[in-house]
Amino acid sequence: MKKPDLLAIMSSFENTLRELHAKIESKHMTPGNLRIEKRMSRILFFHRQNGSDKRGKYIKKENVAFAIQLAQQDYEKKVLSAVKKTEAVIKTCIKQLAQCTFPDEIYNGLSKERRELVTPVDSDDAFVRAWLGRHTYSPGYFDKDMPYYETDRGDRVRSKTEQMMANMFRASGIAYVVEPVVKTKGKVRRPDFLVLNRRTRQEFYIEHMGMMDDPAYVAENMQKVREYEDVGIYQGKNLILMFSDLKHPIDSRRVKRMIDRVLT
């Protein structure tokens, strides 16, 4: 990851913390905090109004909403304290990081003649080559009567849509692997693609669910998504789901938008 990208991420995180800080501080806080006491099978709530108040005033059952309010603000006070400390650390990190020199900056600072003699130690191309080396293509099982679709790169896929997607990845310079092996708690799954955003160096699994008008197919793929979640693969984080049926096929425009917005 390049310095501008890392600084942008840290600045975004700093802004999020600042907004959270302001949101909590803007709330009206009732003085004191909540004390919870267990007596046999009963849970009792007490409002301690200051630091010297060790026991607190008993909160009756009909005022449980007040106990909830105190518990929430106790939690938010702790969050605010942690946020303040984190904000200070992030500010220091951003300041120090801005003074650091990254490998790509050294390479870009060389003369044209010298760059032609040097192989970058941390170039995007070198990273992509190493990534592809770790994720070699291993064809999955195909029934004998299944249609045969081959990508421009020579990989076999299961549909014309996946063939189109793979060819568009290749044309756009997107590093991808067809049907990577994912071991879930239930079984071995093989998503349609594993792709790499070379700029952010983030991986994404892609599943094209192309028979959404088939209830049995939908049920099977809902189970598959649950299994992905069990091993840390979540939609919106590192899983891209693309849906289609006979009336709503995926066209190249949708794939292009996904590539532009997520993978480049």
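Helices (H or I, at least four residues) and strands (E, at least two) are DSSP runs, numbered from the N terminus. The model shown is predicted: local features need pLDDT of at least 70, side-chain atom pairs count only at pLDDT 80 or more, and totals for chains, interfaces and linings use all residues. Residue numbers start from 1 along each chain as its sequence is written, and side-chain values rest on heavy atoms, with hydrogens and water left out.

**View 1. Helix α6 and its surroundings.** Helix α6 (residues 160-171) consists of twelve residues. From its first C-alpha to its last it reaches 16 Å, close to the 16 Å expected at 1.5 Å a residue (the expected span is 1.5 Å times one less than the number of residues). Its buried residues (under 20% relative accessible area; exposed is over 50%, partly exposed in between; 1.4 Å probe, protein chains only) are T161, E162, M165, A166, N167, M168 and F169. Among the elements that cover these residues are β5 (156-157), β6 (175-178), β9 (193-197) and α8 (252-263), where contact means heavy atoms within 4.5 Å. After α6 comes G173, whose phi is positive, near 75°.

View 2. The strands are arranged in the order β1-β2-β3, with antiparallel pairing; two strands pair if DSSP finds at least two bridges between them. At the edges stand β1 (33-39) and β3 (57-59), each of which pairs on one side only. From one strand to the next the twist averages 40°. Strand β2 (residues 42-48) is joined to β3 by three bridges, and H47 stands opposite K57 in β3. Helix α2 (residues 64-98) packs on the sheet and touches β1, β2 and β3. The direction of α2 makes about 115° with that of β1 (axes are lines fitted to C-alpha atoms, for helices over the stretch in contact, and angles run from 0 to 180 degrees between N-to-C directions).

**View 3. Cysteines C93 and C100.** The count of disulfides (pairs of cysteine sulfur atoms within 2.5 Å) comes to zero. The closest cysteine sulfur to that of C93 belongs to C100 and is 9.9 Å away, too far for a bond. C93 counts as partly exposed at 32% relative accessibility, and C100 counts as partly exposed at 36%.

**View 4. Two loop residues with positive phi.** E179, in the loop between β6 and β7 (182-183), has a positive phi of about 45° although it is not a glycine. E179 is buried, its relative accessible area being 5%. R201 lies in the loop between β9 and β10; this residue, also not a glycine, has a positive phi of about 60°. R201 is buried, with a relative accessible area of 18%.
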